[in-house]
Amino acid sequence: MDVIKFALIQQAAQCTLGYLMADDTEQFIPSDYATALWAQRIRYAELIIVRWVPYTGYFWPSTASGSKSTKSTSPSVLWQNSLGDLLETSTQALFSANPSLAAFTPQEMMLAKVIYWVLIPLFQYILAMVLADTFQYFTHRAFHINKWLYKHIHSMHHDIYVPFAYGAFYNHPLETIPIDGIGFPYCLSIAGLDNRQAAFFGAIWTFKTVVDHCGHQTWGMKYNFSVYGAFWDWAMGTSWSPHDSRAQAKYSKGKATAEVVAAKVKLRTQESQPTVGISTAVSP
């Protein structure tokens, strides 16, 4: 019951802090407008490429001969003029009442959608994962290495050794509030996640945390402090794989010790039970 109680307390605290820390002034830009903005940036990049490529020493084949009759109709000049006209038209349409009228090519719009819907969110989620995992690693490690922090705060979490998923949230309030309630949301905010993205990321984080705490072992208390990746554990020398020979040896030793303790407990239980004498005398 204590595990369920503290899990509910943690969730209530996180929901309250999330409500208080959420940006209630957050504005969501319409996706059509956002993709049009990226299409315009792509158009600017195209113009820059076309106008500055000749300065690198590369000239379009039709202008390499230096013929005056072909200069005005060279592909580079025609491309620059056409892009300039399209840029002016699309810019006017973009900031008009109907930005969907911007004269962007299908290729530009497709690339803009890929940037807006795929590349930017992917970068944000990767950055959030890196920041959150870095924060998690060093705070988690501090709670294990520092004897005072472990004894008075983090040891509560490790009172649960059974394969019980809710044990992942059996934490001391002084650990839950500063780490899960404040530090973790700030990592997501720095990564640029909006409220919906942060909720999705938090759901994945919670699922991963629960899975990691299923089948918790009593050994390896100073290893594997990260959540998402193994970079910091690898870099700081705290990586511990259950398939490693050292881990297998330690697990076997711990299992053998547990079996000996269980046998002693069973023997003591049997010895403490009262014995019932059976009479073998033959009645006359």
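Predicted model: local features only at pLDDT ≥ 70, side-chain atom pairs only at ≥ 80, totals over all residues.
**Exercise 1.** Classify the ring pair of Y125 and F200, and state which helices the pair ties together.

Solution. Step one: the ring centres of Y125 and F200 are 6.0 Å apart, and pairing requires centres within 6.5 Å. Step two: the planes stand at 70 degrees, so the pair is edge-to-face, the cut-off for that class being over 60. Step three: Y125 belongs to helix α6 (residues 106-145) and F200 to helix α9 (residues 195-212), so the contact ties together parts 75 residues apart in sequence. Step four: Y125, at 22% relative accessibility, counts as partly exposed.

**Exercise 2.** Describe the geometry, location and burial of the pair F184 and W205.

Solution. Step one: the centre-to-centre distance is 4.7 Å, with 50 degrees between the planes, and the pair is tilted. Step two: F184 is in helix α8 (residues 173-190) and W205 in helix α9, so parts 21 residues apart in sequence are tied together. Step three: F184 is buried at 12% relative accessibility, and W205 is buried at 10%.

**Exercise 3.** How many aromatic pairs does a search of the whole structure find, and which residues do ring pairs link into a cluster?

Solution. The search of the whole structure gives 12 aromatic pairs. Ring pairs join Y137, F138, F225, F231, W232 and W234 into a cluster.

**Exercise 4.** Which residue lies over the face of W38?

Solution. R41 lies over the face of W38, 4.6 Å from the ring centre.

Methods
Residues numbered from 1 in each chain as written. Heavy atoms only, no water. Phe/Tyr/Trp six-rings, centres within 6.5 Å; stacked < 30°, edge-to-face > 60°. Helix = DSSP H or I, 4+ residues; strand = E, 2+ residues; numbered from the N terminus. Buried < 20%, exposed > 50% of the residue type's maximum accessible area, 1.4 Å probe, protein only. Lys NZ or Arg CZ within 6 Å of the ring centre and 35° of its normal.
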